[in-house]
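Please read them alongside the sequence and the coordinates.

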Amino acid sequence: MNRLRRSFLKSVIRQPRPWASFIRGACGEPAGFKGLVVGLYQKEGDKGPRLTPSGEKLDDRLHGRLSELICQTKITGALGRGKVFNSVDPEYRSIAVVGVGLEGIGFNELEMLDEGMENVRKAAGIGARSLQEVGCHEVWVDGMDYAEQAAEGAGLATWRFTEQLSKKNTPMIPKLELYDSPDIDNWTRGIFKADAQNLARRLSDSAANCMTPTTFAQNTVDALCPCGITVEVRTMDWIENQKLHSFLMIAKGSCEPPVVMELSYCGTSPEDKPILFVGKGMTFNSGGLNLRRCRGMDEYRGSMSGAAACVGMLRCCAALSLPINIVCIIPLCENLPSGMSCKPGDVVTLLNAKSMAVRDLDKAGVVMMADPMIYGQNAYKPRLVIDVATLATGVQMAFGGGATGIFSNSHYIWKQFQGAGALTGDRVWRLPLWNYYKKQVTDELGYDLSNNGRGRASSCLAAAILHELVPCSDWAHLDTRGTGMLTKYGIIPYLTQGRMTGRPVRTMVQLIYQLACPAHK
């Protein structure tokens, strides 16, 4: 019995091993220490797992100790699997070795995804988050041959929504640096993209009472004006003078005053036609008089995620100094039930002289966007119109969170979006924009359009309505109902479960880059 007790005591006081799984560090860890993320390629055939070139240099400096630990812990290099080793290197208190999957993997046509880039995002994100959890205040990240994607993964994974936390409970967000690589330009570009998506995440995730139309406008001014972007905030008098009646029809149900923002980025000659973005900015959507069920209604604070994505995209384009002109029209309001609310069956005449019946207030997105979209085309004569909105459940039921639904009258624009999504890992997929659906929203006797149409293809019907508002220009509609709100299913490792995603900011930025710099695509 005494022998067993002595053996137990020895096991308790024994020095800890220099490695640990991805778990929180013990109490008493020194604050402010540095961590390092290095990649490990998966073993293939007779070849064992192999460190990236930067990892091999580190291993040489440590006289092979890192390879020895990898062998002892049997890390295979499988994507996202790894260990955190402590007290191995005097400069870096913790080293996270993360599997990057197979070396040399590239574009997968069946998945419509560059798997090499996406694997690096996942590996960098998992590694950086694991070091954040053990208390590293400074995280250096191996570029793993894709510095931009490593920056995106690490920047998105370590971000936290802290706006509504007390100072005592605010989590630490580490400083990120590129390790052992001269590719600082691509790293910086990735950090810009991650910061832009994180801005959209913050705007979308704020409580509805903390992100009213007026507050959203002020946050946009604070975020964009220092970047040289022109921000004009239009209030009720201007909205009434411009006769944006469809927008006011929804906004009048709330006591919060509506706002329309015009954001302008001039990256080339002012005479060049801009790209027009219209972002749905419904800061809370209760369904109006067609009230939604209470369970899960708090998620609809994210009904303005389309507007948030436009703000994030524009900030990133300005940071990258892309040579293109962009205009964003963002209508902001709430959709609430009250004595002033729009009633099912009400009819409004749009700026293009067509009449629209509002038969379902739960589908108010197309109504509030209609006149602002027409106004933007009349005022700016754009070469391309893109609207971003969480409109209908159809795309969410079809794709879940796997892809953003896109509808377009231009095959060229669809292919550009498809290529952009393959590179960013935030994919889009085309849905039909057929006369079959057009007839279901226009074939009415008493009015020209209905806001819900007939049938169950809700996303296709919403797109058909918006298509009626874009008579001439090339146009694309992004329905982000499944991707732009809470992360619930098929969790992406570098995004936080149960929080707003900020998608598809990086895909929008990549599209703008492809249009602005076609020679470098």
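1. Where is the place of Met211? Met211 sits in the loop between α6 (184-205) and α7 (213-224); helices here are DSSP runs of H or I with at least four residues, strands are runs of E with at least two, and both are numbered from the N terminus. The model is a predicted one, in which local features need pLDDT of at least 70 and side-chain atom pairs count only at pLDDT 80 or more, while totals for chains, interfaces and linings use all residues. Residues are numbered from 1 along each chain as its sequence is written, and side-chain values use heavy atoms, with hydrogens and water left out.

2. Although placed in a loop, Met211 counts as buried, at 3% relative accessibility. Buried means under 20% relative accessible area and exposed over 50%, with partly exposed in between (1.4 Å probe, protein chains only). Apart from neighbours within four places in sequence, Met211 contacts Leu203, Ser206, Phe216, Asn219 and Thr283, a contact being heavy atoms within 4.5 Å. Leu69 is 142 residues from Met211 along the chain, and their C-alpha atoms are separated by 49 Å.

3. Thr393 belongs to helix α12 (residues 393-399). Its relative accessibility is 32%, so Thr393 is classed as partly exposed. Beyond the neighbours within four places in sequence, Thr393 is in contact with Ser458, Ser459 and Arg481.

4. On disulfides (a pair of cysteine sulfur atoms within 2.5 Å), the count is zero.

5. Helix α10 (residues 305-319) has 15 residues and spans 21 Å from its first C-alpha to its last, close to the expected 21 Å; the expected span is 1.5 Å times one less than the number of residues. α10 is mostly covered, with 13 of its 15 residues buried. Just after α10, Ser321 takes a positive phi of about 55°.

6. In helix α14 (residues 435-442), the buried residues are Tyr437, Gln440 and Val441. Seen down the axis, these fall within an arc of 90°, so they line one face of α14; the arc is taken over the directions from the helix axis to the C-beta atoms. An α-helix has 3.6 residues a turn, so residues three or four places apart point the same way. Asn435 and Lys439, on the other side of α14, are exposed. The buried residues of α14 pack against β20 (449-450) and α15 (458-467).

7. β20 also takes part in an open sheet of three strands, in the order β15-β16-β20, with mixed pairing. β15 (346-349) and β20 are at the edges with a single partner strand each, so one side of each has no neighbour in the sheet. Two strands pair if DSSP finds at least two bridges between them. Strand β16 (residues 355-358) pairs with β20 in the parallel sense over two bridges, and the bridge partner of Met356 in β20 is Leu449.
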